[in-house]
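Please read it alongside the sequence and the model.

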Amino acid sequence: MNQIKIIVEHHPDGYIAYPVGLNGVVIGEGDTYQEALDDVTSAIRFHLETFGNKAFLDYDLIGAELAEVVI
């Protein structure tokens with residue numbers, strides 16, 4: 001079993017969610033936080049079933065931080 005970090009963004013028209021540390025594009029969406037999380041979890045499971053261990057990046061991700069800059 002793998003532990004995967006997921007980013008969930010809240011936008012005016014709903015939520016989007018995506019994992020950190022996977023090769024390829026995997027995304028979920030929903031009207032609520034939980035719907036987006038459930039959708040991306042399903043997408044991650046499909047991605048892992050399709051690509052196996054090749055779905056993971058070639059390095060260990062220690063952590064992920066949210067940073068904000070003013071431009």
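The points below concern the sheet and a charged surface patch.

1. This is a predicted model, in which local features need pLDDT of at least 70, side-chain atom pairs count only at pLDDT 80 or more, and totals for chains, interfaces and linings use all residues. Residues are numbered from 1 along each chain as its sequence is written, and side-chain values use heavy atoms, with hydrogens and water left out.

2. The model contains an open sheet of three strands in the order β1-β2-β3, with antiparallel pairing. Because β1 (5–11) and β3 (28–30) each have a single partner strand, they stand at the edges, and one side of each is left without a neighbour in the sheet. Direction ignored, neighbouring strands of this sheet are turned by 20 degrees against each other on average. Strands (E, at least two residues) and helices (H or I, at least four) are DSSP runs numbered from the N terminus, and two strands pair if DSSP finds at least two bridges between them. Axes are lines fitted to C-alpha atoms, and angles run from 0 to 180 degrees between N-to-C directions.

3. β1 and β2 form a hairpin with two residues between them. Seven bridges join β1 to β2 (residues 14–20) in the antiparallel sense. Within this pairing, Ile-6 has Pro-19 as its bridge partner, Ile-7 stands opposite Tyr-18, and Glu-9 stands opposite Ile-16.

4. The pairing of β2 with β3 is also antiparallel, over three bridges. Here Tyr-15 stands opposite Gly-30 in β3.

5. Asp-13, Glu-29, Asp-31, Glu-35, Asp-38 and Asp-39 form a negative surface patch. Helix α1 (residues 33–51) gives the most to this patch, with three residues; Asp-39 has its place in helix α1. Asp and Glu count as negative, and the place of a charge is taken as CG of Asp or CD of Glu.

How values were computed
Patches are made of residues with over 30% relative accessible area and no salt bridge: like charges are joined within 9 Å, nonpolar side chains (Val, Leu, Ile, Met, Phe, Trp, Tyr) within 5 Å. Accessible areas come from the Shrake-Rupley method with a 1.4 Å probe; for residues, only the protein chains shown count as cover. A salt bridge is a side-chain nitrogen of Lys or Arg within 4 Å of a carboxyl oxygen of Asp or Glu.
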